[in-house]
Amino acid sequence: MDELSLQKVPYFFVIDFLSENVEIYQEHEIEKEGLIIDFQEFSNTKETQELDKKVVWKSFPETLENFQIGFEKVQKNIRLGNSYLVNYTRKTKIETNLTLEEIFYHSNAKYKVFYKDFFVFFSPETFVKIIDGKIFTYPMKGTIDASIENAAEILKNDRKEKAEHYTVVDLLRNDLSMVADDVRVDQFQHIDFIKTQQKDLYAMSSEISGMIKPEYEGKVGSIMQKLLPAGSILGAPKPKTLEIILDAEGYDRGYYTGICGWFDGQNVDSCVMIRFIEKEEDQLYFKSGGGITHMSKLEDEYQEMKNKIYVPIH
C-alpha cells in the first residue's frame, strides 16, 4: 500500500478485522475481481432495474440466554478493570428473497461494497479520510429508534450512550495522535438520521482531525497499520479489549468490522465494514453488535444488536 500510495497510483483496499488479510486492487482490477463499490468518491456501479418484488426479510437472533454468556464475560472484564468499553458482536442467521447483489444495489448508505458474492455491506461509518495531508475520523457511537418522542435529545443526554461516545472519541483522538500532529475534536456528538426499511434510527458521531506527521506522508499502508483495528468497533484499551472480544464472541468476525477504502492518487476515503451480510455456503448471516460499558443492561444490549439487523431499502 505504501509503495503504491508513494507512487500516487490509485487503488482500492480491503483489510479484515484482525489485519490478517490485506487486499489491494488497482482500478483496472476491481471489476474483474467481482467487486462492486459505491463510495462518494468512487463508484463502479451499473444502471439497475427497479426492485419489482416485495422484500421478504426474516432474522433468527440467538436467545437472550445465549447472548448473555458472552455479555457476562465482557462485564466481568470491565469490573476487573481490563477494559472500559467492549464492542460485543453477534452473528445472526437471516432469510431474504434478495440476492447479495440486489441488497447492494437497492440499499441506501454512504458506503456500499459487494464482494465476490461472499459479502455485502452498507455502512454509515467513515473510518478515516485523508485530504491534502490532513487526516479526519468520524467515530459513530450511540443509536436510538427515531420514532421515540424527542429521540435525538434523549440520545444526546443518555448517560450510557454519552459515556460510550466520550470513550471512543478519546480513544480515536489518541490513535490519530500516533500518525498526526495538532489533533483536535472539531465536532462533538453530531446527530445523523438513518432511514431503513425496518425502522428509522438516529446515530451520534463526532469529527476529529490532525495534520499527518512528516514520516507518514504518502504512506497510506503505514497509517492504516498504526490505526487498526478501528477503535469504534473494538473498544478501549485496544490490546486487552481485543483479547476479551476473541474470547467472548466465540465466532470469527472475518471481514466484518474490518475496513476498506479508496486511494485516488492523493486522498483517501475509507469506511468501517459494518451493517454486514455474509454468505456461508447457502446460508446468509448478519453480523451486528454494540458497545458495552459498566452501565450496560443485558436486555438493552440484546435489543440493540437485534435493532441493527436491517436493510436500508425503502
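What follows is a set of questions and answers about this predicted model.

Reader: What makes the overall size agree with a compact globule?
Author: The protein has 314 residues, and a compact globule of that length would have a radius of gyration near 20 Å. The protein has 19 Å, so the two agree. Its C-alpha atoms fill a box of roughly 50 × 50 × 35 Å along the principal axes.

Reader: What is the secondary structure of the protein, and how many of its residues count as buried?
Author: The secondary structure comes to 9 helices and 17 strands. Of the 314 residues, 55% count as buried. The accessible surface is about 14,100 Å², and carbon and sulfur atoms hold 46% of that.

Reader: Which share of the contacts joins residues 24 or more positions apart?
Author: Take the contacts in the protein with a separation of 6 or more. Residues 24 or more positions apart account for 71% of them.

Reader: Why is Lys287 called buried?
Author: Buried means under 20% relative accessible area. Lys287 has 2%, so Lys287 is buried. Lys287 lies in strand E17, residues 283-292.

Reader: Which residues is Lys287 in contact with, leaving aside its neighbours within four places in sequence?
Author: Among them are Arg90, Lys91, Tyr251, Asp252 and Arg253. The list also includes Tyr256, Phe276 and Glu278.

Reader: How do you know that Ser83 is buried?
Author: The limit is again under 20%. Ser83 has 2% relative accessibility, so Ser83 counts as buried. Ser83 lies in a loop, between helix H3 (64-79) and strand E5 (85-96).

Reader: What joins the side chains of Ser83 and Thr241?
Author: A polar contact of 2.9 Å joins them. The cut-off is 3.5 Å, so this pair is within it. Leaving aside its neighbours within four places in sequence, Ser83 is in contact with Asn77, Ile78, Ala236, Pro237, Thr241 and Ile244.

Reader: Pro237 is on that list. Which kind of peptide bond runs from Ala236 to Pro237?
Author: That bond is cis, with omega near -10 degrees. Pro237 is found in the loop between E13 and helix H8 (238-249).

Reader: What is the omega of the peptide bond from Leu228 to Pro229?
Author: Omega is near -10 degrees there, and the bond is cis. Pro229 sits in the loop between helix H7 (220-227) and strand E13 (235-236).

Reader: Why is Lys116 called partly exposed?
Author: Partly exposed covers the range between buried, under 20%, and exposed, over 50%. Lys116 has 36% relative accessibility, so Lys116 counts as partly exposed. Its place is the loop between strand E6 (111-115) and strand E7 (119-123). Phi of Lys116 is near 50 degrees, a positive value in a residue other than glycine.

Reader: What is the phi of Arg275, and is Arg275 buried or exposed?
Author: Arg275 has a positive phi of about 55 degrees, although it is not a glycine. Its relative accessibility is 7%. Buried means under 20%, so Arg275 counts as buried. Arg275 lies in the loop between strand E15 (268-272) and strand E16 (276-280).

Technical notes:
Residues numbered from 1 in each chain as written. Predicted model: local features only at pLDDT ≥ 70, side-chain atom pairs only at ≥ 80, totals over all residues. Heavy atoms only, no water. Helix = DSSP H or I, 4+ residues; strand = E, 2+ residues; numbered from the N terminus. Buried < 20%, exposed > 50% of the residue type's maximum accessible area, 1.4 Å probe, protein only. Contact = heavy atoms within 4.5 Å. Rg over C-alpha atoms; globule rule 2.2 N^0.38 Å. Areas by Shrake-Rupley, 256 points an atom, 1.4 Å probe, with all protein chains shown as cover. Polar contact = N/O pair within 3.5 Å; in protein donor to acceptor, adjacent residues only side chain to side chain.
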